[in-house]
Amino acid sequence: MIENHRHPVLREDTACLTGNLAIVRGALEAGVQFVSGYPGTPASEVGDTFSAIADTAGIHFEYSINEKISVETAFAASLTGARSLCSMKHLGLNFAGDPAATIPYVGVKGGMVIVSAGDPSMITSPNEQDQRHFNGFLHYPVFDPATPSDTLEMTRFAFPFSEETRLPVLLRPTTRICHSGGMVQPRPLPKTRNNIRFEKDPPRYVPTPPNARRMRKELTGRISLAEDLLLGSDFFPRTGTGKTGIVAGGVAHAYASRVIEELGVQERISLLKIGAYPIPEMILADFLGSVESALVVEELTPIIEEKLIISAFRNGRMIPILGKKSGHFPLEFEYSPDLVESVLRKALDLGESPKKSISIPELPPRPPVLCPGCPHRTSFYHVRRVFGQKTVYVNDIGCYTLGYGPPLDCCDVLLCMGSSISKASAISRTTGERVVAFIGDSTFFHSGLPALTNALQYDDNITLCILDNHVTAMTGFQPSAVSDRGPEAPSIEKAVRGLGAKNVVSVDPFDSEASVEALKKARAGTGVNVIIFNSPCVIYEEKLRPRKGRGSYDIDQELCDGCTLCVRVLGCPAITIEEDKYLIDPDLCDGCDLCAQVCNRNAIHRKAKA
Amino acid sequence: MSLKIMISGTGGQGILFTTRLLTGFFVGRGRKVVTSQIHGMSQRGGSVQSSVLVDAGDSPVIGRGDADILLGFEPVETVRALDCASARTAVFMNTTPVIPFVLSQQYVQKQGPGTYPDLAALGDTIREVTPSLFQFDATTMARDAGSSKSLNLVMTGCLFGTGIIPGSAGDFETWFRENGNPGQGEPNLRAWAGGVALGKRLNPVEQER
């Protein structure tokens, strides 16, 4: 752990910061006073960093229960005059769509920034939606940084800009910005911050239809002010005076810039960077007037390209505009320097790249897998044993999504945060079968509670397994509602009973007998049965309270007959097979004992301490 | 002069820590550094790739054949990152495998090879791209130094020991003693020294100097 005063975001010397840390630094330099967020890769480190420095920096910080609450708290803090920021991944802002949609109408008071990180190529996400559409869709000014340095400058710029326009700003870094490091030049932290006071003004803050219609008219004026302010910003720099135009945004601008230099074609090119939306019309018109063609380099959807086509048409400037719609760039996935180079070579008639492509032999993949000792594996193992192969298993977002695929095979359907219970309800209602749903503690509080209320209201025929490992593990061990709060922590069991569930039981998944008994009862029952599998994440426990270790296990080669059972049903990465011998890697084994319970030959035992 | 280093390995091998060390060292010497990391969803065991680019512009990604150095913490992962290498790339490869979990699944389900690729064949694949392949058992060296967690310092030491990157082993050690993690000090420093000594042996040019 880095001590607070030494934390990179609190230092003032030139540094290499990731995009996520640059956001934190930029917000601190702007005098941010209130920060909230829900973890989601690739934005998780924004909240983690604020969490680490909030006390030192004197700011309010919360890990919100979900993104909707995060956006709402940041908005309300803004109404008191506080500069506020909330952070989440791209999908999180969909969950917060309801409050997010009306904030531009009501308007903010203290500057408000929503960080909603995109994930082109879906490195850790189920979709790659383009957050820049929030500009056209809900009137948010969207800032799209190309480097960590841009990220810092844009975050700092966003707060006073937001106050002047009364619009919330959406900052959209992508994975390649969030997790890339680049040089930044910090400026001193401000000596004063906004005064805090909630001034009553109901007509301003209550969007009843008559008020909302007035707000809608005002909004048009504020959007136009935003465009004027952006016209005077540094977010649309142009380099070169060549006749071939290139227009690029986000990290693709950094790729294009590099490729132009490496190809040595600077004289032929004019490169325009698009760093914010709405793009002031004059910038596009001027650029189109000075070049003979324009190639657009932007990831995901052709937003810049369409704006250019419209501008060209309106200004009667009929030059070739190339990009995704012309088939030069693919519609899917993130770009790479190699892709940008090959398209640029084509556009400039430079011939094929001399770089040889290498044929790499097929290599064993390393898909994500539940850790050795993970309580979820144990829960899945028991559930599968009792409910068998034919039962439909619906899963949710978290580490337990890794129940997907063999050997655990506990994920037949997956959609989004908190959806397992509602999916199970509907599948059981239409098929008449008893369905099993899985959800973790953080996701249960995030959006599982309303779905369970719904299932109870309709007395759906489901078994709900709440996998309570006391932490939001997947995104880097952020606290959930039940983490480290001792007796103050909400009780999932009491909450579930309070909603009206009658068949509720809490078990330790490592207590096989109790787990199997609870599952058999649930299987025989009807209506909603809830089993809370309560066991802490082993990695988080180790971080909190380093143990001497449960000791690792060993396989007695005399007794092991190579029956394959342990590997076939558990999928524990600590068990390997070398030259037909089954072995346990002592560095990986957590000593959970599950494999010893599974082995029919009684060949697996705890190692005697040396 | 620009320098592009690709680091490849598996989760838990200290790839991200190594990235931070190299970044801090070069920034401290007034160089401009850009980095990029791709790590999947797994806390442990997944593939991790990280790039460190020194004085090479704003683009954080190393293009095809563009790396000066490929630092491979694990054999399969070294080959997985090979697209960044060309004839001028120096490849450093730790020869101790981290067995992918899928292999035992392949074995029991009798689907796929079920065994780890042949080490010599992996080396041949690399040599088809570049003659500069340096292979050594860095994991055992780290264990002998006191902790397998010091693997990253064996690798970094070896890199500096060869003298092929700007900055001497002495400079890095001074910087590391001031800015590194003191918690694991002794095994780390022994691992580092072992790596440096190995690096010096690996590169005949350095010995003649």
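This is a predicted model: local features need pLDDT of at least 70, side-chain atom pairs count only at pLDDT 80 or more; totals for chains, interfaces and linings use all residues.
**Entry 1: the contact between the chains**

Chain A gives 46 residues to the contact, and chain B gives 44 residues. I then asked which elements of chain A supply at least two residues each to the side that touches chain B. I found β1 (15–18), β8 (180–184), α11 (251–263), α14 (337–347), α21 (565–570) and β21 (575–578). The largest share comes from α11(A), with five residues. I also sorted the residues on this side of chain A by type. They divide into 25 nonpolar, twelve polar and nine charged.

I looked up the predictor's scores for the complex as well. The ipTM is 0.94 and the pTM is 0.96.

**Entry 2: helix α7 of chain A**

Next I turned to α7 of chain A, which covers residues 148–165.

I then checked where α7(A) bends. The bend is about 30° and sits at A:Ala158. A proline follows within four residues, and that proline is A:Pro160.

Is α7(A) mostly covered or mostly exposed? I found that 14 of its 18 residues are buried, so I note the helix as mostly covered, taking a residue as buried if 20 or more other C-beta atoms lie within 10 Å of its own.

I also looked just past the helix. There A:Arg166 has a positive phi of about 55°.

**Entry 3: chain B as a whole**

I moved on to chain B and counted its elements. It has nine helices and six strands. Its C-alpha trace spans about 55 × 35 × 35 Å along the principal axes.

What radius of gyration would a compact globule with 209 residues have? The rule puts it near 17 Å. Chain B has 17 Å, so the two agree.

I looked at burial next: 54% of the 209 residues of chain B count as buried. Then I took the contacts in chain B between residues at least 6 apart in sequence. Of these, 67% join residues at least 24 apart.

**Entry 4: confidence in chain B**

Last, I read the pLDDT of chain B. The mean is 90, and 91% of the residues reach 70 or more. Where does the pLDDT of chain B fall below 50? I found this over residues 204–209. Beyond near neighbours in sequence, that stretch has four contacts in the model.

Terms used:
Residues are numbered from 1 along each chain as its sequence is written. Chains are lettered from A and ligands numbered from 1 in the order in which they are written. Two residues are in contact if their C-beta atoms, placed from the backbone, lie within 7 Å. Ala, Val, Leu, Ile, Met, Phe, Trp, Tyr, Cys and Pro count as nonpolar, Asp, Glu, Lys and Arg as charged, and the others, Gly among them, as polar. The expected span of a helix is 1.5 Å times one less than its number of residues. The bend at a residue is the angle between axes fitted to the seven residues ending there and the seven starting there. A residue is buried if 20 or more other C-beta atoms lie within 10 Å of its own, exposed if 12 or fewer, and partly exposed in between; C-beta atoms are placed from the backbone. pLDDT is the predictor's confidence in each residue, from 0 to 100. The radius of gyration is taken over C-alpha atoms; the globule rule is 2.2 Å times the number of residues to the power 0.38.
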